[in-house]
Amino acid sequence: MTTKSAAAATTATVHGYPRQGRNRELKKAIEGYWKGTVTADALHTAAAGLRRESWRRLAEAGVHEVPTGDFSLYDHVLDTTVAVGAIPARHRAAVEADPLDGYFAMARGTQEAAPLEMTKWFDTNYHYLVPELGPGTAFTANSGKPVAELAEALAAGHRARPVLVGPVSYLLLAKPAPGVAGDFQPLTLLDRLLPVYAELLADLFAAGAEWVQLDEPALVQDRTPAELNAAARAYRDLGALTDRPKLLVASYFDRLGEALPVLAKAPVEGLALDFTGPAAANLHELAAVGGLPGKRLVAGVVDGRNIWINDLERSLATLATLLGLAGHVDVAPSCSLLHVPIDATAERDLDPQIARWLAFARQKAEEVALLARGLREGTGAITAELAANRADLASRATSPITRDPAVRARTAAVTGADARRTQAYPRRAEAQHARLGLPLLPTTTIGSFPQTAELRAARADLTAGRIEAAAYRERIEAEVREVIAYQEKAGLDVLVHGEPERNDMVQYFAEQLTGYLATRHGWVQSYGTRYVRPPVLAGDISRPHPMTVDWYRYAQDLTDRPVKGMLTGPVTMLAWSFVRDDQPLADTARQVALALRDEVTDLEAAGAAVVQVDEPALRETLPLRTADRPAYLEWATEAFRLATSGVRADTQIHTHMCYAEFGAIMTAIDDLDADVISLEATRSHMEVAGELAAAGYPREVGPGVWDIHSPRVPSTEEAERLLRAGLAAIPAERLWVNPDCGLKTRGWTEARASLESLVTAARRLREELAG
């Protein structure tokens with residue numbers, strides 16, 4: 001196909017769209033179903049309405065081909081587990097009795113059966129449910145959901161493309177089921193899984209699918225020759241099928257590297273590639289393999305993960321080059337728009353000039369449609385739009401919001417000594433133990449306590465002006481008093497104030513730092529029905545005033561036991577924000593670290609003997625390619641140390657991480673030089689304790705013994721069993737007892753019962769160890 005005809009045929013598409021609805025209608029419907037106030041039929045009706053609304057909005061934006069199957073009631077990887085019949089044995093009876101309740105049981109667990117493990121989707125803040133597989137796993141095709149959603153879109157008059165997690169990525173994302181030998185590799189099940197994918201493809205083809213997209217993001221990571229051979233075999237076999245749709249194999253989040261020639265040679269009709277950020281290298285690598293002659297290329301030239309407007313002229317230049325490398329080129333975002341909010345026009349509180357810098361899902365759909373039009377009709381057809389885009393980009397680049405000379409001067413003056421404690425850990429530990437006087441196996445929580453409906457209502461009333469600030473403070477003070485009194489009665493050793501004043505662990509701080517912008521409707525799915533509003537990191541960062549010291553003092557005055565100061569670390573402040581893209585991440589991290597350093601030293605001056613600086617995103621933000629990791633880990637760990645190294649030896653620095661694969665960053669965990677680290681460990685069956693022991697980690701550790709992302713209440717025996725597993729790897733004098741994460745999402749009934757199990761288990765083991 002000639003370049004001219006390829007341009008003439010160019011259309012716009014997307015990989016996926018936010019699921020929740022403009023007002024989080026899906027969250028309300030699902031949680032209503034869990035509470036028994038919404039029927040299953042009503043839930044399905046609400047979900048179908050949200051799908052139709054998303055497709056309609058995409059079509060109105062100019063998107064010619066809409067995705068189906070990307071919508072989920074909880075998680076698209078869990079949907080794939082259902083589609084291929086890989087239901088864990090402990091959940092089969094529930095799924096057979098009621099597929100919907102069984103589905104949610106796999107996601108959330110029940111009192112009788114633990115949920116699937118949950119971890120981060122590559123380097124995003126989205127969590128997926130990890131498939132559990134073993135040598136005896138029998139796959140069975142269940143095409144009901146993908147076929148039904150395709151039928152809905154076709155009936156509504158849309159050109160639709162079903163999207164499935166590809167077979168290779170599905171297996172690479174899986175883990176051996178509990179009890180399966182550690183050397184089992186789920187990828188060995190590929191030949192058993194491929195016939196099931198063949199059935200799914202045949203069913204979709206029969207239902208009217210012209211194209212099916214198979215997502216293979218795991219192939220952008222470093223892969224062994226055996227894994228690459230498996231990918232080649234998978235697409236050789238699927239490509240050889242006769243009654244099937246055309247296949248579009250999609251990757252995103254990074255460059256494909258050595259996997260690109262494998263997929264380029266595969267007998268499939270198209271590839272979808274990311275050309276943003278580190279994945280921009282795909283352009284050169286695609287040319288190096290000879291392009292995709294005669295095949296479709298879906299070019300991801302609009303960043304699907306951040307919220308800044310696209311540089312349209314730069315994207316058009318990339319697309320013009322790509323026209324010579326493929327038989328047919330379509331325009332798309334780099335990945336699913338699941339990772340951005342729905343519509344920037346809803347942010348009416350922002351300065352109109354600043355609002356023009358932002359592109360949420362709706363605006364990104366409009367951008368890809370505009371780029372497709374420019375490619376089809378020539379840039380003359382979009383002259384006005386290009387001029388407006390240039391003006392908006394220039395406005396942002398020259399805005400005083402983006403540059404603060406004082407912040408830049410302070411950052412430039414940082415030395416290596418600023419990011420190091422003045423005494424080594426053994427001396428610090430001795431001083432801290434003397435100051436705190438804690439028992440063996442000290443108990444604590446991660447920070448937050450339940451955010452009740454009453455607390456959320458009080459915050460909403462303050463924002464809306466229905467109550468005065470003084471009345472709001474009285475409400476928060478009452479909650480802090482209750483939380484402190486409860487922890488004393490429960491027997492916890494190191495207390496927290498419960499964070500009732502905080503709307504979110506990042507947003508709360510962002511609203512008090514210069515350089516950040518807050519949104520009102522910028523909700524993004526983190527997992528299940530948990531949505532967050534990532535703030536927008538738009539300019540240079542500084543701390544005008546203390547952010548937590550007043551609440552720390554109030555809480556500490558209520559008790560003789562130590563209360564932790566609680567902060568969010570610099571890397572997480574970046575990772576869980578929409579970060580600026582006009583300077584290196586390391587520079588931004590250093591600015592945030594210096595602002596937090598001021599807060600840490602102010603907490604210490606106020607009497608805090610323990611300060612926790614959470615970094616749950618340290619592993620999440622790890623580059624997907626091994627070669628890119630050392631540089632990231634160097635600045636990320638330096639930023640944490642810069643934030644925490646200005647304190648005395650007897651001030652104990654804690655940090656916390658959750659829901660990630662920690663094995664890849666053991667050296668970095670050590671480099672943080674925190675005195676105590678608490679980590680998620682329940683769903684992974686205390687795996688991290690063994691990893692820390694194998695790495696020779698020398699400091700104190702709190703591997704979690706209560707999975708707070710499930711409504712299950714652990715028994716004392718369960719908590720004790722996990723603690724014994726932890727003690728098998730970590731000496732008792734270095735082991736803490738705590739939940740996996742904060743308690744914000746749990747109710748008070750669950751929290752009380754679970755903490756009672758935790759404290760009782762710790763006491764039993766203390767007595768045993770002392771005897």
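Student: How are helix 13 and helix 15 oriented to each other, and why?

Tutor: Please keep in mind that this model is predicted. One begins with the angle between the two axes, where angles under 35 degrees count as roughly parallel and 65 to 115 as roughly perpendicular. Here the axes of helix 13 (residues 312-323) and helix 15 (residues 361-377) cross at roughly 55 degrees and come within 10 Å. Helix 13 and helix 15 are therefore oblique to each other, and their crossing is right-handed.

Student: Which residues make the contact of helix 13 with helix 15?

Tutor: Helix 13 contributes L312, S315, L316, L319, A320 and L323, while helix 15 contributes L370, L371, G374 and L375. Sorted by class, this contact has eight nonpolar, two polar and no charged residues.

Student: At what angle do helix 3 and helix 7 pack?

Tutor: Helix 3 and helix 7 (residues 144-155) pack at about 50 degrees, and their axes are 11 Å apart. That angle makes helix 3 oblique to helix 7. The crossing of this pair is right-handed. A48, R51 and W55 of helix 3 meet E149, E152 and A153 of helix 7. By class, the residues of this contact are three nonpolar, no polar and three charged.

Student: How should I read a nonpolar core, and which residues of the largest one touch the most other members?

Tutor: The general idea is that nonpolar side chains tend to be buried together in soluble globular proteins. In this model the largest nonpolar core has 111 residues, and F139, Y170 and Y235 touch the most other members. Leaving aside neighbours within four places in sequence, F139 is in contact with several residues, including V84, L133, Y170, L189 and V196.

Student: How many residues of helix 6 are buried?

Tutor: Buried means under 20% relative accessible area. Eight of the ten residues of helix 6 (residues 99-108) are buried, so helix 6 is largely enclosed by the rest of the structure. These buried residues include L100, Y103, F104 and R108. Among the elements that cover them are helix 2 (25-35), helix 3 (40-61) and strand 3 (127-129).

Student: Is A605 buried or exposed?

Tutor: A605, found in helix 24 (residues 585-605), has a relative accessible area of 68% and is therefore exposed, because exposed means over 50%.

Technical notes:
Residues numbered from 1 in each chain as written. Predicted model: local features only at pLDDT ≥ 70, side-chain atom pairs only at ≥ 80, totals over all residues. Heavy atoms only, no water. Core = buried A, V, L, I, M, F, W, Y, C linked by side-chain atoms within 4.5 Å. Buried < 20%, exposed > 50% of the residue type's maximum accessible area, 1.4 Å probe, protein only. Contact = heavy atoms within 4.5 Å. Axes fitted to C-alpha atoms, helices over the stretch in contact; angles between N-to-C directions. Helix = DSSP H or I, 4+ residues; strand = E, 2+ residues; numbered from the N terminus. Parallel < 35°, antiparallel > 145°, perpendicular 65-115°, else oblique. Left-handed = near helix turned anticlockwise from the far one by under 90°. Nonpolar A, V, L, I, M, F, W, Y, C, P; charged D, E, K, R; others polar.
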